[in-house]
Amino acid sequence: NPFLPDWYRLGTFLAAYLDNNLEAAMHEANQIRWPGYVAGPILRATVLGQLGRREEAASELKEINRLAPHFKRIGRRALSKVYYHRHHADALLSGLSKAGFEVD
């Protein structure tokens, strides 16, 4: 649906990601291009990490650090609040870890 509100992509991303449909998850993450917001870079880095594409993830990790330098400290809690469950946050943090980004 081309008329989906942008924020809806957060849910469709998570559904695809948790189903291990990484191509669909990347498509959804690529639709999230909100200037000044960290959601898109986090989700793109997560998928790239799962795909083992660390070099491509590096630019997304730089953007995360630029937009939210505190994310390493609050990332687990923030993702748990956005996605309602810690196990969802843990699944995302696994991808970020594989991309080379460790959250405390």
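Q: What makes Lys72 count as sitting over the ring of Phe101?
A: The charged end of Lys72 is 4.9 Å from the centre of that Phe101 ring. A charge sits over a ring if NZ of Lys or CZ of Arg is within 6 Å of the ring centre and within 35 degrees of the ring normal.

Q: What kind of model is this, and which cut-offs apply to it?
A: It's a predicted model, where local features need pLDDT of at least 70, side-chain atom pairs count only at pLDDT 80 or more, and totals for chains, interfaces and linings use all residues. Residues are numbered from 1 along each chain as its sequence is written, and side-chain values use heavy atoms, with hydrogens and water left out.

Q: How confident is the predictor, and where is confidence lowest and highest?
A: On pLDDT (the predictor's confidence in each residue, from 0 to 100), the chain averages 91, and 94% of the residues score at least 70. Helix 5 has the lowest mean, 90, while helix 4 (residues 54–67) has the highest, 97. Helices here are DSSP runs of H or I, at least four residues, numbered from the N terminus.

Q: How many aromatic pairs does a search of the whole structure find, and why is Phe13 with Tyr17 called stacked?
A: There are 3. Phe13 and Tyr17 have ring centres 5.5 Å apart and planes at 15°, so they're stacked: rings of Phe, Tyr and Trp (its six-membered ring) pair if their centres lie within 6.5 Å, with planes under 30 degrees apart stacked, over 60 edge-to-face and the rest tilted. Both residues lie in helix 1 (residues 9–18), 4 residues apart, about one turn of the helix.

Q: What about Phe71 and Phe101: stacked or tilted?
A: Tilted, with 5.9 Å centre to centre and 40° between the planes. This pair links distant parts of the chain, since Phe71 is in helix 5 (residues 71–83) and Phe101 is in the segment after helix 6 (86–99), 30 residues away.

Q: What makes the Arg44 and Glu60 side chains a polar contact?
A: Their distance is 3.1 Å. A polar contact is a pair of N or O atoms within 3.5 Å; within protein, one must be able to donate a hydrogen and the other to accept it, and residues adjacent in sequence count only if both atoms are side-chain atoms.

Q: And Asn20, buried or exposed?
A: Asn20 has 60% relative accessibility, so it's exposed. Asn20 is in the loop between helix 1 and helix 2, and its phi is near 60°, a positive value in a residue other than glycine.

Q: What is in the largest nonpolar core?
A: It has 31 residues, and those with the most contacts inside it include Phe13 and Phe71. Helix 3 gives the largest share, 6 residues. A nonpolar core is a set of buried Ala, Val, Leu, Ile, Met, Phe, Trp, Tyr and Cys residues joined through side-chain atoms within 4.5 Å.

Methods: Helices (H or I, at least four residues) and strands (E, at least two) are DSSP runs, numbered from the N terminus. Buried means under 20% relative accessible area, exposed over 50%, partly exposed in between (1.4 Å probe, protein chains only).
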